[in-house]
Amino acid sequence: MSMDIERQFEEQARFWSGIAPPNAVGHNFARELAEAVQGFERARGQLAFEDEPSSFEAALQETKERTP
Amino acid sequence: MTAARERASALMRLTLVEACEAVRKGEVTAVALTEAALDAFKAGDPTINASNALEPEEALQTAERLDRLRKAGRLLGPLHGVPLAHKDMYYRTGKPSRCGSKIRGTCLPTYTATAIKRLEDAGSITIGSLNMAEFAQNPTGHNAHFGDCHNPWHVDYCTGGSSSGSGAAVAARFIYGALGSDTGGSIRLPATMCGVTGIKGTQTRVSRYGAMPLCFSADNVGPLARTARDCARLLRTIAGHDPADPTSSTEPVPDYEAALDGDVRGMRVGIPTNFFFDGADAEVRAAFDAAMKVLELRGARTVRVEIPHMDAVNAYASIISRVEGATIHAQWMRERPQDYSIHLSGRLYAGYAIPAVHYVEALSRRGPILRALGSEVFGKVDVFATPTIRMKVPTLAATDIDAGAPGAVEAFGAITANTRAINYMGLPSVSVPCGFDSKGLPIGFQIQGRPFAEARVLKVAHAYQQDTDWHKRVPVLPAVTMSEGPPRVEAWP
């Protein structure tokens, strides 16, 4: 799994951005993202995209502290 | 110690608000405060490395002008005559803004950040710039280009980052307050590790015009100072809409200090049952529990509450900052990756292979998750509190990725776990000192409220500080021999 992530990251970063791994630490940080991928997997099905336009800024207003 | 040095030292032990009041009443001059701050840096900073570039002549000229104004009966504002210094990522016309980097070493901005301008318009004196993590991208205080910043409570330990110099300078009593910035905890981490108070406002609360960008979606400008009241005064000064930053909120800015009455009777303080205590150190947990007892004795009610969607929040938060940071640095990463420190180029690199669909998913879910928080959490509690970091303050050596320290990459993620989630949610959050660990390093906790509830989180922090003295404790810096070459620590107290 970890080697697969390293190889995938190297190919994607080079293909899309023309950026090579700068050092071995880059691979370490890439492997760290495996946890984020698992987080995405666990979140599947829990939250749906909203049909109507909305935004984070609108949610800030909707949920804000109301002054008495 | 000479009488003059003793008086300067005593002046630097005032809080920011006390210093402001002393100037206003004519009990002390702006020149005296500025000289005291410059002396404090000169005496103590060789071991701490909190400053980047000080501007003594210009600062003293400004102080003299402010003293003349005060004698003429004119005060510029609530910060009249008080020296501040700021993280070296806030642009000031004609002053270098290196952003902790080699790459930006020759950058001379042609305009001034709105936050700095508002602080100066309110009468503060900018005496220089402070050390920081390279491009604000590490949580420890390491800096390969300008030297690591050292914790005033023990120089072997991390200050926290990325606003390392801001936290250390305030803790060491070099300065009364400082701007930091917070994208994943960069105000609250140095606040907690250095034992001072720091607040990030609601996302959009403070203008980011003239502040180096790290991650457009989660960057926040905010202050570090000794007390909640100090932070209230600084935040009120810088908050509010700025036409130069169209993303800044038009929400009115209340008088945060007016809310600091110490009364938290009946206030419901949430304590999360999930995520925020996973793997927490026993000493950190004990200090946090003791802090909640203090609030309960003041009449607050603690309530166990589950924070929804934390798996998703944690994943989404890390994706957004990685992708936006990588985007900003793409050209330099192609052309001069060797000019970044090892840990930063490595961290940035990982951002270039994250699929865009995941980035867009992470952004698009912020609204629904915030709405879920609004109903499922803030329907039951007024604020919720967590440790700012789950571990004790680590050493610089143990977290030095560039030196190959084992586990240091993982430590970066662990340090920011509790803070970066709050940035994703966009909530106001204040970190408050609440004790010391067995090694003598500070412990802190953070308080979150609804969007734009800065007054409420500051009110809770202030109430806590009425019954505790953690924020009043002063680190004793080691004696230093000033001579040719690097400073030499004579003795650790």
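Is B:Gly44 buried or exposed, and how many other C-beta atoms lie within 10 Å? B:Gly44 is buried, with 21 other C-beta atoms within 10 Å. The legends below start from this residue; the model they describe is predicted.

**View 1. B:Gly44 sits in helix α3 of chain B**. The helix covers residues 30-48. Apart from neighbours within four places in sequence, B:Gly44 contacts B:Ala172, B:Phe174 and B:Leu477. B:Thr15 lies 29 residues away from B:Gly44 along the chain. The C-alpha atoms of B:Gly44 and B:Thr15 are separated by 18 Å.

**View 2. B:Glu21 belongs to helix α2 of chain B**. This helix spans residues 16-24. B:Glu21 has 15 other C-beta atoms within 10 Å and is therefore partly exposed, since a buried residue needs 20 or more and an exposed one has 12 or fewer. B:Gly266 is 245 residues from B:Glu21 along the chain. The C-alpha atoms of B:Glu21 and B:Gly266 are separated by 32 Å.

**View 3. Helices α2(A) and α10(B) cross between the chains**. The crossing of α2(A) and α10(B) is left-handed. From α2(A), the contact includes A:Ala36, A:Gly39 and A:Phe40. Among the residues of α10(B) that they meet as a group are B:Ala312, B:Ala315 and B:Ile319. By class, this contact has six nonpolar, three polar and two charged residues.

**View 4. Chains A and B meet through 38 residues of chain A and 44 of chain B**. On the side of chain B that touches chain A, the elements giving two or more residues are α10, α11 (330-335), α12 (342-350), α13 (356-364), α14 (366-376) and α15 (408-425). That side of chain B has 20 nonpolar, 16 polar and eight charged residues. Helix α12(B) is mostly covered, with eight of its nine residues buried. Among the buried residues of α12(B) are B:His343, B:Leu344, B:Arg347 and B:Tyr349.

**View 5. Helices α8 and α16 of chain B pack at about 155°**. Helix α8 covers residues 228-238 and helix α16 covers residues 454-466. Their axes are 8 Å apart. The angle makes α8(B) roughly antiparallel to α16(B). In α8(B), the contact includes B:Arg229, B:Cys231 and B:Leu235. In α16(B), it includes B:Glu454, B:Leu458 and B:His462. The residues of the contact divide into six nonpolar, two polar and two charged.

**View 6. B:Arg173 and B:His309 have positive phi values**. Phi of B:Arg173 is about 65°, although the residue is not a glycine. B:Arg173 lies in the loop between α6 and β4 (177-181) of chain B. B:Arg173 counts as buried, with 21 C-beta neighbours inside 10 Å. For B:His309, also a residue other than glycine, phi is near 60°. B:His309 is in the loop between β8 (301-305) and α10 of chain B. With 21 C-beta neighbours inside 10 Å, B:His309 counts as buried.

**View 7. A cis peptide bond joins B:Gly161 to B:Ser162**. Omega of this bond is near 15°. B:Ser162 has its place in the loop between β3 (125-130) and α6 (164-171) of chain B.

Conventions. Residues numbered from 1 in each chain as written. Chains lettered and ligands numbered in written order. Predicted model: local features only at pLDDT ≥ 70, side-chain atom pairs only at ≥ 80, totals over all residues. Axes fitted to C-alpha atoms, helices over the stretch in contact; angles between N-to-C directions. Helix = DSSP H or I, 4+ residues; strand = E, 2+ residues; numbered from the N terminus. Left-handed = near helix turned anticlockwise from the far one by under 90°. Contact = placed C-beta atoms within 7 Å. Nonpolar A, V, L, I, M, F, W, Y, C, P; charged D, E, K, R; others polar. Parallel < 35°, antiparallel > 145°, perpendicular 65-115°, else oblique.
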